[in-house]
Amino acid sequence: MPPGRARRLLRFTVDGVRHLVPLLHLHGVPFRHRISPDPETALAVVLARLSFPGRWDALSDIFGRSPSWLSTVFNDTVVFLASEFGPLLRWHSQLTYRWSVS
């Protein structure tokens with residue numbers, strides 16, 4: 001992906017994505033359905049989906065993969081990140097938003 005396009009689509013540079021992959025341990029993502037994207041592509045799919053929450057069809061044109069492939073990569077990567085870094089993503093108990101239905 002060209003650097004300018006990556007910055008617009010992913011909100012990160014290509015070098016930034018490459019730097020994050022080992023820090024996030026993305027080589028260990030267990031993908032389903034015999035899918036085996038490289039870790040940089042998996043992170044790019046997640047970043048693209050989070051920065052451009054449109055339809056999968058638009059991202060399918062960008063990545064050249066089917067919407068179901070992209071969806072599987074996104075879901076498996078996000079589940080992995082949540083399981084690996086979940087405790088770091090929790091709000092402090094005093095900062096947690098609480099609401100109730102009356």
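Visitor: What does the side chain of serine 51 reach, and at what distance?

Guide: In this predicted model, the side chain of serine 51 reaches the backbone oxygen of leucine 9 at 2.5 Å.

Visitor: What makes that pair a polar contact?

Guide: The cut-off for a pair of N or O atoms is within 3.5 Å. The value for serine 51 and leucine 9 is 2.5 Å, and therefore the pair meets the distance limit.

Visitor: Where is serine 51 placed, and which residues does serine 51 touch beyond four places away in sequence?

Guide: Serine 51 belongs to helix 3, residues 39–51. Its contacts of this kind are Leu9, Leu10 and Arg11. Arginine 11 is 40 residues from serine 51 in sequence, with a C-alpha to C-alpha separation of 7.0 Å.

Visitor: Why is serine 60 called buried?

Guide: The limit for buried is under 20% relative accessible area. Serine 60 has 14% relative accessibility, so serine 60 counts as buried.

Visitor: Which backbone oxygen does the side chain of serine 60 reach?

Guide: The side chain of serine 60, a residue of helix 4 (residues 56–63), reaches the backbone oxygen of arginine 65 at 2.4 Å. Leaving aside residues up to four places away in sequence, serine 60 touches Arg65, Ser66, Pro67 and Leu70.

Note on methods:
Residues are numbered from 1 along each chain as its sequence is written. This is a predicted model: local features need pLDDT of at least 70, side-chain atom pairs count only at pLDDT 80 or more; totals for chains, interfaces and linings use all residues. Side-chain values use heavy atoms; hydrogens and water are left out. Helices (H or I, at least four residues) and strands (E, at least two) are DSSP runs, numbered from the N terminus. Buried means under 20% relative accessible area, exposed over 50%, partly exposed in between (1.4 Å probe, protein chains only). A polar contact is a pair of N or O atoms within 3.5 Å; within protein, one must be able to donate a hydrogen and the other to accept it, and residues adjacent in sequence count only if both atoms are side-chain atoms. Contact means heavy atoms within 4.5 Å.
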